[in-house]
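Hello,

Here is the structure I promised to pass on. Please open it first, then read my notes below.

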Amino acid sequence: AGVVAEHWCGAARGLSTVIALSTGDHVTSGVIIQGKPWTGAHGLAGSVAWLSINPVEREDYRRLGGLEAEVSSPGIVRRIVWRIKSGDESTLVQQHRGDLSRVTAEQVFQAARAGDGVSMSVIKDTAKYLGMALSNVTVILDPEMIVLGGMIASSGDMLLESIRLECARRLGPAQAERLRIVRSPLGNDAAAIGAARLAASAT
């Protein structure tokens, strides 16, 4: 639904091959190929949450998918809590009086903007994981544009340029020069707009 919305009235109007990817509590994606939604042989195309981006095996990778375990909102919180428990100092500890169960991904971004070193490192790693993921789907599907939504769009000041750089580093020059990676202009309404468009098309 999200990629349909972007193709219809969002950032990707008039394009032929588009990927939309959104992060939040989960990581979701959709694909347009030759102007039409592409769902694959079993309706599972675009299941980017399950992209493998780390050679280790972990229980949360098997349960959630490798990408989602790292870059979803819970994944970002898990990584900073692990860093703090490993001995890194963060202003988030004082903010919550040591109760790390209250930390949110939004607070990690806020702390990074305020100069908290651990939070900045976690956000940098988030951009790296996302850049790796986007380069992997790009070499297979060769999209004209990737539209980023959800938490990535709302935190674009912290993520967008880093994601572009990380993705370009992993692509051949021909693709790196042509690929456009942009934030969604539709915000949290993208999925609802796309669902309405799909429903209208079906009737």
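A hairpin of three residues connects β1 to β2. Bear in mind that this is a predicted model.

The two strands, β1 and β2, run antiparallel and share six bridges. Within that pair, Ser 22 sits opposite Thr 28 of β2. β1 also pairs with β4, this time in the parallel sense, again over six bridges. There, Ser 22 has Gly 149 of β4 as its bridge partner. β1 is mostly covered, with five of its six residues buried.

Next, the core. The largest nonpolar core holds 42 residues, and Ile 80 and Leu 148 touch the most other members. Elements that give two or more residues to this core include β1, β4, α4 and α9. The largest share comes from α7, with nine residues.

Leu 148 deserves a look. Beyond its neighbours within four places in sequence, Leu 148 contacts Leu 21, Leu 134 and Ile 163, among others. Arg 183 and Ser 184 are also among its contacts. Another core, of 10 residues, lies apart from the largest one; Val 4, Val 18, Ala 20 and Val 147 are among its members.

Last, a loop residue. Gln 34 lies between β2 and β3. Is Gln 34 buried or exposed? Gln 34 counts as exposed, because its relative accessibility is 68% and the cut-off for exposed is over 50%. Leaving out residues up to four places away in sequence, Gln 34 touches Ser 16 and Thr 17. From Gln 34 to Met 132 the C-alpha distance is 25 Å, with the two 98 residues apart in sequence.

Best wishes

Notes: Residues are numbered from 1 along each chain as its sequence is written. This is a predicted model: local features need pLDDT of at least 70, side-chain atom pairs count only at pLDDT 80 or more; totals for chains, interfaces and linings use all residues. Side-chain values use heavy atoms; hydrogens and water are left out. A nonpolar core is a set of buried Ala, Val, Leu, Ile, Met, Phe, Trp, Tyr and Cys residues joined through side-chain atoms within 4.5 Å. Buried means under 20% relative accessible area, exposed over 50%, partly exposed in between (1.4 Å probe, protein chains only). Helices (H or I, at least four residues) and strands (E, at least two) are DSSP runs, numbered from the N terminus. Contact means heavy atoms within 4.5 Å. Two strands pair if DSSP finds at least two bridges between them.
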